[in-house]
Amino acid sequence: MGNLNNKMKCICGRGRQIHRPSNGVRNTAGPDGHQAWAARVQADRAVFANCRFEGYQDTLYVQAHGQFYRSCIVSGTIDFIFGDAAVVFQNRIMVVRKPNDNQQNMVTAQGREDKQQATGIVL
């Protein structure tokens with residue numbers, strides 16, 4: 001996963017049919033902190049409603065399986081929604097933060113390794 005700094009803190013979801021209403025998580029590593037998840041989700045049929053994920057690079061790691069996010073706010077700078085899950089965001093707000101001078105904004109990064117996989121990020 002690259003270099004993870006020591007300020008990285010995250011919530012992680014694993015299993016099946018997780019439902020997390022009205023949660024918020026913030027990673028405070030900052031724009032110089034490199035990759036630093038606020039949340040990593042690898043649960044099948046995970047549902048997040050009215051949630052907030054705040055960070056900079058790689059804020060929300062949608063690692064695997066099917067996931068659904070409704071009325072959520074996600075903020076970041078570089079690849080702040082990334083991974084290899086089948087993900088749908090409905091009625092969402094994306095907050096694109098100002099990156100460092102030597103960086104560029106990228107909202108998503110699909111991590112599919114096999115082109116036959118039925119995964120993707122739908123905003």
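Two strands count as paired if DSSP finds at least two bridges between them. Strands themselves are DSSP runs of E, at least two residues long, and helices are runs of H or I of at least four, numbered from the N terminus.

This is a predicted model, where local features need pLDDT of at least 70, side-chain atom pairs count only at pLDDT 80 or more, and totals for chains, interfaces and linings use all residues. Residues are numbered from 1 along each chain as its sequence is written, and side-chain values use heavy atoms, with hydrogens and water left out.

The chain has 14 strands and zero helices. An open sheet of five strands runs in the order 2-5-8-11-14, with parallel pairing. Strand 2 (19-21) and strand 14 (120-122) are its edges, each pairing on one side only. From one strand to the next the twist averages 10°, taken between lines fitted to C-alpha atoms, with angles from 0 to 180 degrees between N-to-C directions.

V88 has V122 of strand 14 as its bridge partner.

Now to N27, in the loop between strand 3 (24-26) and strand 4 (39-41). Is N27 buried or exposed? N27 counts as buried because its relative accessibility is 2%; the cut-off for buried is under 20% relative accessible area, with exposed over 50% and partly exposed in between, using a 1.4 Å probe and protein chains only. Its side chain reaches the backbone nitrogen of A29 at 2.8 Å. Of the 123 residues in the chain, 41% are buried.

Definitions and conventions
Polar contact = N/O pair within 3.5 Å; in protein donor to acceptor, adjacent residues only side chain to side chain.
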